[in-house]
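Look at the sequence and the structure first, then read on.

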Amino acid sequence: RFVRETDKVVVYEITLDVWEDVFAWGWLCLPKDLKLGERRPVVVCQHGLEGIPEDTITDDPANRAVAYYHAFAQRLAEQGFVTFAPHNLYRGKDAFRTLQRKLNPLGLTLYSVINGQHQRILEWLKAQPFTQQDKIAFYGLSYGGKSAMRTPAVLTDYCLSICSGDFNEWVR
C-alpha cells in the first residue's frame, strides 16, 4: 500500500507471508527517477531495538529515532538505490525475549524466525523488475547491526553486509 512520497522517493508498505501465522513486513522506497525495466541495487535497511521501519525513513524531528537513524533508508533512495526497511521482532520491551525462550527448547533462536523472514524478503525482492538481483545489500544499525552480523552469514543472496553499531550487549 502507498504510504507517502517526497519529491524524489515513493514509499510503500509491503507485507509477505512467510509461514502459517508468520509474516514479514516493511517499507519499500523507490526512487522516482526509476525507469520502467531499469534494475538497481537494493539496500535492506534494518532498524534497531524497539525500532520500526518508519524510523529508517523519517526526518520528522518529533520522532526520537531521527537523532540516530538520520532517515538513512530514504537518503539512500534519494541517491538512487532501492531500499527496503523490514520490521524485526525485537520490540515490546522483553516480549521478544519470551519468544526466544520458547524457541530455545525447539533447538531454534530468534534468528531462526528473522532469517526465515529475510529469506522471504530476498525471494520477493529478487522477483521484482526493479531489482539488480546480484546486488542486494544489508545495512543494520544498533540491534539491526546484530542482524547484519548474523543474517547475511546464513542467507548468501546478500552481496554485502554493513554492521553499524552492534552495541548494547546489556552485559552489565
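## Salt bridges

A salt bridge is a side-chain nitrogen of Lys or Arg within 4 Å of a carboxyl oxygen of Asp or Glu. The model is predicted, so local features need pLDDT of at least 70 and side-chain atom pairs count only at pLDDT 80 or more, while totals for chains, interfaces and linings use all residues. Residues are numbered from 1 along each chain as its sequence is written, and side-chain values use heavy atoms, with hydrogens and water left out.

The structure contains nine salt bridges. One of them joins E5 and K32, at 2.7 Å from N to O. This pair connects distant parts of the chain: E5 is in strand β1 (residues 2–5), and K32, 27 residues away, is in the loop between β3 (22–31) and β4 (40–46). Strands (E, at least two residues) and helices (H or I, at least four) are DSSP runs, numbered from the N terminus.

## Pairs and a network

R40 pairs with E38 at 3.0 Å, N to O. R40 is buried at 9% relative accessibility, whereas E38 is partly exposed at 28%. Buried means under 20% relative accessible area, exposed over 50%, and partly exposed in between (1.4 Å probe, protein chains only).

E78 and R75 form a salt bridge at 3.2 Å, N to O. Both lie in helix α2 (residues 72–78), three residues apart, about one turn of the helix. Elsewhere, salt bridges with shared partners join D33, E38 and R40 into one network.

## Cysteines

The whole structure has zero disulfides (pairs of cysteine sulfur atoms within 2.5 Å).
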